[in-house]
Amino acid sequence: MLHETLTDWLIAGPWAETILLAFAFAFGSGVGSFLNVVVHRVPQGQSVVFGGSHCPSCGAAIRSRDNVPVFGWLLLRGRCRDCRAPISSRYPVVEALAGLIVTAVVAIEVLGSTASGRRGIDGLLFGESSETLAVCVYHCWLALSVFGWTLFAWDGRDIPPRWLWPTVVAAALVPWIWPAAGWATGVATLLVPLVLKGVGHCVRCP
Ligand SMILES: [Zn+2]
């Protein structure tokens, strides 16, 4: 019976997993919003911490309710609330991609974890999985750094040293002192700036 199936699903459905992934997307898209600010302001020598966001056309401050990642842009239909000037779709795309990156890492490493012998969120909540969660946070940091570097390269800019070196040093050193962090992700992270540098070099000096 459809009714019973629906009731079963409502009671036993994967609510905890769904809520965890929704939080992962919200957190990732928030980081994506910050990356938009970093990639826009750092090359201009502006602070990424001080000063709110403004419409590039009319200078009006972006209201906090319009600053919600992805959804703010969708609700405004891609236009400034004050002057109706179009807002680049790059902003919500970057936010959505960062959200999906964190969602994917959490889905693979937390929901797919067998560290406690109990798969999924049961293992996270009731198993010995605090290290799984820590590794997941570390890998999210590496993945979001790689994404940020790619945005600088996309704009044809070198990666600013203070946004490059902390993650490079961590990727090279952390697996030595914390084997659970894994070598593969660290090595992959270290290769990205070299590839981006090579690609950027090819674009600028054909
Ligand atoms: Zn405006």
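**Figure 1. Asp66 and its salt bridge with Arg81.** At 11% relative accessibility, Asp66 is classed as buried (buried is under 20% relative accessible area, exposed over 50%, and partly exposed in between, with a 1.4 Å probe and protein chains only). Its partner is Arg81, and the closest N and O atoms of this salt bridge are 2.7 Å apart (a side-chain nitrogen of Lys or Arg within 4 Å of a carboxyl oxygen of Asp or Glu). The two residues join distant parts of the chain, 15 residues apart: Arg81 belongs to the loop between α3 and α4, Asp66 to the loop between α2 and α3. Arg81 is partly exposed, as its relative accessible area is 36%. Helices (H or I, at least four residues) and strands (E, at least two) are DSSP runs, numbered from the N terminus. The model is a predicted one, in which local features need pLDDT of at least 70 and side-chain atom pairs count only at pLDDT 80 or more, while totals for chains, interfaces and linings use all residues. Residues are numbered from 1 along each chain as its sequence is written, and side-chain values use heavy atoms, with hydrogens and water left out.

**Figure 2. The salt bridge between Arg63 and Asp82.** The side chains of Arg63 and Asp82 form a salt bridge with an N to O distance of 3.1 Å. This pair also links distant parts of the chain, with Arg63 in the loop between α2 and α3 and Asp82 in the loop between α3 and α4, 19 residues apart. Arg63 has a relative accessible area of 32% and is therefore partly exposed; Asp82, with 42%, is likewise partly exposed. Side chains of opposite charge can pair when their charged atoms come close. The whole structure contains four salt bridges.

Figure 3. Cys58, in the loop between α2 (15–41) and α3 (71–75), and Cys80, in the loop between α3 and α4 (90–111), link distant parts of the chain, 22 residues apart. Cys58 is partly exposed at 39% relative accessibility, whereas Cys80 is buried at 4%.

**Figure 4. The salt bridge between Lys197 and Asp158.** Lys197 and Asp158 meet through their side chains in a salt bridge (3.7 Å, N to O). Because Lys197 lies in helix α8 (residues 183–204) and Asp158 in the loop between α6 (130–154) and α7 (161–177), the pair ties together parts 39 residues apart in sequence. Lys197 is exposed, with a relative accessible area of 54%, and Asp158 is partly exposed, with 48%.

**Figure 5. Aromatic pairs.** The structure has four aromatic pairs (rings of Phe, Tyr and Trp, the last by its six-membered ring, with centres within 6.5 Å; planes under 30 degrees apart are stacked, over 60 edge-to-face, and the rest tilted). One of them, Tyr138 with Trp141, is edge-to-face, at 6.2 Å centre to centre and 75° between the planes. Both residues lie in helix α6, three residues apart, about one turn of the helix. Tyr138 is buried at 6% relative accessibility, while Trp141 is partly exposed with a relative accessible area of 39%. Trp176 and Trp183 form another edge-to-face pair, 5.0 Å centre to centre with 85° between the planes. Tyr138, Trp141 and Trp178 make up one aromatic cluster.

**Figure 6. The largest pocket.** The volume of the largest pocket is about 660 Å³ (the space filled by probe spheres set on grid points joined across faces, edges and corners). A pocket is an open set of points on a 1 Å grid over the protein atoms alone where a 1.4 Å probe fits, with protein on both sides within 12 Å along at least five of seven lines; lining residues have an atom within 4 Å of a point. Its lining comprises 34 residues, of which Ser53, His54, Ile62, Asn67 and Tyr91 lie nearest the centre. Helix α2 supplies the largest share of this lining, six residues.
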